[in-house]
Structure formats: C-alpha cells, structure tokens
Amino acid sequence: MRYEHQTAKLTRKLTGMPYTQALQMARGGDTERDRPVPDALTADQRAFEARLAFALIEAFPEHLQPHGYPWGIASVRADTDGLDIHPAPAATAYLLGALVPCHDRQYGGVRGASGTRVTISDGWWILHDLQTAAKVRVAAPASADPRRGRNEASPRSRRYITAARLTREERRDLGHIERIARSKPGGWLAHRNILGSRLLRRPGLVQLLAQAHGNANIYSHASMDVVLEWCCGDTSDQISRACHNAGLTADLAGEPLPGTTINRRSDFATTVQIGQAKLYLRQNTWICIDGTP
Ligand SMILES: [Zn+2]
C-alpha cells in the first residue's frame with residue numbers, strides 16, 4: 001500500500017498527471033515502483049512516439065522553449081495503448097508545429113515528424129502514424145494553427161503534408177534512420193525507440209533540467225542518441241539517479257534490455273545506456289547561460 005503511494009507520487013512528478021489518477025494506475029498494477037510510467041505495449045507505438053520525441057528535440061532550441069518546459073509539454077497521460085499530451089501554457093501552436101509534418105519551402109525536406117497525419121476531434125488533435133495503428137493525442141482546440149507557432153516570417157511559407165501516402169521526402173527521411181540501423185548492432189533501433197518513447201512519456205524528467213533557468217539544451221546526433229545538457233541546478237549524478245528512478249533503464253515488460261547501464265564518466269558527464277541506445281547527460285557549468293558560474 002505504501003509503495004502504491006510512493007509510485008503514484010513519482011508518476012505524478014514525471015508525467016504531471018493528477019495524483020488520484022496516478023494512484024489508480026498503481027493500484028491497478030499498471031505502474032510499479034521501478035516502472036512508474038507504463039511503456040507503450042507495441043513496438044509500432046514506441047517507434048511512433050520516438051519519432052515525435054526526436055521531432056521535438058529538433059524543434060525546441062533553448063531560446064524558443066516555453067519557460068520551465070523544454071519540450072513545450074505540461075503533462076501527459078501515458079498508458080500501454082497510447083499517449084495524451086497536454087501542451088505547456090501558450091505552447092500549443094508551437095508544439096503542434098513541431099510534430100505535424102510540412103514541406104520546408106525555404107530549406108527543402110520535411111519539418112516535423114514524417115509520416116504523421118492529423119484528425120481533429122472533441123478538443124484533441126489526433127496524430128496518426130500513416131503506416132501503423134500507432135497514435136498520440138494532443139489536447140488542442142480545433143482552431144489551433146500550428147503554422148502560427150513557428151518563428152516564421154510568414155506562416156504561408158509552410159505547407160502541411162496531408163497526402164494519403166508517404167511523400168518522396170518523407171520516405172527519404174524515414175529511410176535515414178533505417179539506413180543507420182543497418183550499420184548498428186542488432187536491436188539498436190528498437191532500443192533507441194524505447195529511449196525516445198520513454199522520454200516523451202516523462203516530461204517531468206526534462207523539466208528537472210530547466211529548474212535553474214527555465215530551459216535546457218536538448219539535442220541529438222542525427223536522431224541516433226539524445227544529449228541532455230544544462231548548467232546550474234541538479235548535478236549529473238542527481239539527474240542520472242532521477243533517470244534510473246524514473247524507470248528509464250527498466251526492462252521492457254519483463255524483457256531484459258541487455259547492455260543497460262549508467263556510466264559516470266566525470267563529475268559533469270554521465271552516459272545512460274538503454275540496451276544499445278545512449279542518452280548523454282552533460283552539465284556544462286562553464287557555459288552558464290546566466291553568466292554566473
Ligand atoms: Zn546556469
């Protein structure tokens with residue numbers, strides 16, 4: 001019973017969902033102390049959520065992050081079947097703009113998460129994966145205009161992709177990660193998708209990094225790994241412990257994730273290895289954005 005309350009508290013902290021709901025999940029056995037946020041049940045759902053997570057990583061440089069919410073997400077409700085995202089205050093348009101794919105007329109290629117299509121219903125923007133049954137809902141009014149959220153001179157410079165099939169650019173974009181996967185050890189892509197999906201389901205974890213200044217530097221090398229970089233606030237040891245307690249390194253529904261470890265490399269850098277995939281934690285106190293070391 002005590003563990004259920006501890007689990008629910010942690011679930012609330014990581015997801016932002018109400019305590020009573022979190023307690024219900026713990027009592028129903030959906031969450032446990034070492035797994036305080038449920039994983040998506042299917043590989044397709046995890047792959048889609050990872051695609052959205054990497055789209056967010058690209059879309060939210062530090063200076064465009066809503067204060068205190070590096071990913072523009074206030075809270076989520078995560079269960080094994082799906083994920084509901086509630087945008088941070090005033091971040092709705094920007095968040096949708098980051099996820100819904102559009103042709104980039106200025107630079108070419110696709111911005112947003114390739115292969116995503118949208119339907120709108122009862123206060124939700126439902127993001128569907130064109131190729132699988134995976135979906136994620138974003139709480140937003142039908143009138144939201146993702147084009148207005150971008151730092152664009154003119155919203156007309158972007159055209160959203162609504163084609164019933166993948167466009168050539170989307171196919172190229174999605175093929176990129178599969179090509180990389182072929183050069184990696186077996187299982188790498190599945191593990192990288194677990195990492196992306198788990199991060200998206202734990203906005204409270206990236207919010208930890210923003211405690212001191214309201215934002216954090218989150219980036220990726222070609223969508224292969226994730227780097228979380230910050231200056232003041234919690235130490236790299238504290239953040240890596242938080243990652244472990246958040247269930248980021250937990251086995252997947254009883255399936256072990258071979259190779260999973262947390263390696264402390266220095267006082268300021270830690271690598272969290274989830275199976276074959278890597279999350280880098282870097283505390284850069286010497287480049288404090290506030291100018292105070
Ligand atoms: Zn600082």
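## Terms and model

Two strands pair if DSSP finds at least two bridges between them. Helices (H or I, at least four residues) and strands (E, at least two) are DSSP runs, numbered from the N terminus.

This is a predicted model, in which local features need pLDDT of at least 70 and side-chain atom pairs count only at pLDDT 80 or more, while totals for chains, interfaces and linings use all residues. Residues are numbered from 1 along each chain as its sequence is written.

## The chain as a whole

The chain contains nine helices and 13 strands. Along the principal axes, its C-alpha atoms fill a box of roughly 50 × 45 × 40 Å. The radius of gyration is taken over C-alpha atoms, and the globule rule is 2.2 Å times the number of residues to the power 0.38. For 293 residues a compact globule would have a value near 19 Å, and the 18 Å of the chain agrees with this.

A residue is buried if 20 or more other C-beta atoms lie within 10 Å of its own, exposed if 12 or fewer, and partly exposed in between; C-beta atoms are placed from the backbone. By this count, 42% of the 293 residues are buried. Two residues are in contact if their C-beta atoms, placed from the backbone, lie within 7 Å. Of the contacts between residues at least 6 apart in sequence, 61% join residues at least 24 apart.

## The five-strand sheet

An open sheet of five strands, with mixed pairing, has the order β1-β2-β7-β6-β5. The edges are taken by β1 (73-78) and β5 (116-121); each has a single partner strand, so one side of each is left without a neighbour in the sheet. From one strand to the next the twist averages 25°, where axes are lines fitted to C-alpha atoms, for helices over the stretch in contact, and angles run from 0 to 180 degrees between N-to-C directions.

At one end, β1 pairs with β2 (residues 83-87) in the antiparallel sense over five bridges, and a hairpin of four residues joins the two strands. Across this pair, Ser-75 stands opposite His-86, and Ile-73 stands opposite Pro-87. Four of the five residues of β2 are buried. On to β7 (residues 135-139), β2 runs parallel, with three bridges; here Leu-83 has Val-136 as its bridge partner.

The antiparallel pair of β5 and β6 has six bridges, including one in which Thr-119 is the partner of Ile-126. Their hairpin has two residues between the strands, and Asp-122 takes a positive phi near 45° there. β6 and β7 are also antiparallel, with five bridges, and a hairpin of five residues joins them. His-128 stands opposite Lys-135 in β7.

In a regular strand the side chains alternate between the two faces of the sheet. In β6 (residues 124-129), Trp-125, Leu-127 and Asp-129 make up the covered face, whereas Trp-124, Ile-126 and His-128 make up the uncovered one.

A nonpolar core is a set of buried Ala, Val, Leu, Ile, Met, Phe, Trp, Tyr and Cys residues joined through C-beta atoms within 7 Å. The largest one has 61 residues, and those with the most contacts inside it are Leu-52, Leu-56, Leu-99 and Leu-228. Helix α3 (residues 43-59) gives the largest share of this core, 10 residues. Apart from it lies another core, of five residues, among them Ala-8, Ala-22, Met-25 and Ala-26.

In helix α2 (residues 19-27), the residues Ala-22, Met-25 and Ala-26 are buried. Seen down the axis, the buried residues of α2 fall within an arc of 100°, so they line one face of the helix; the arc is that of the directions from the helix axis to the C-beta atoms. They pack against α1 (2-15). After α2 comes Gly-29, with a positive phi near 80°.

## A loop with positive phi

Most residues other than glycine have a negative phi, and most peptide bonds are trans. Ala-222 is not a glycine, yet its phi is positive, about 50°; this residue is in the loop between β9 (217-219) and β10 (226-230). Ser-223, in the loop between β9 and β10, has a positive phi of about 60°.

Ala-222 counts as exposed because it has 9 C-beta neighbours inside 10 Å. Ser-223 has 19 and therefore counts as partly exposed.
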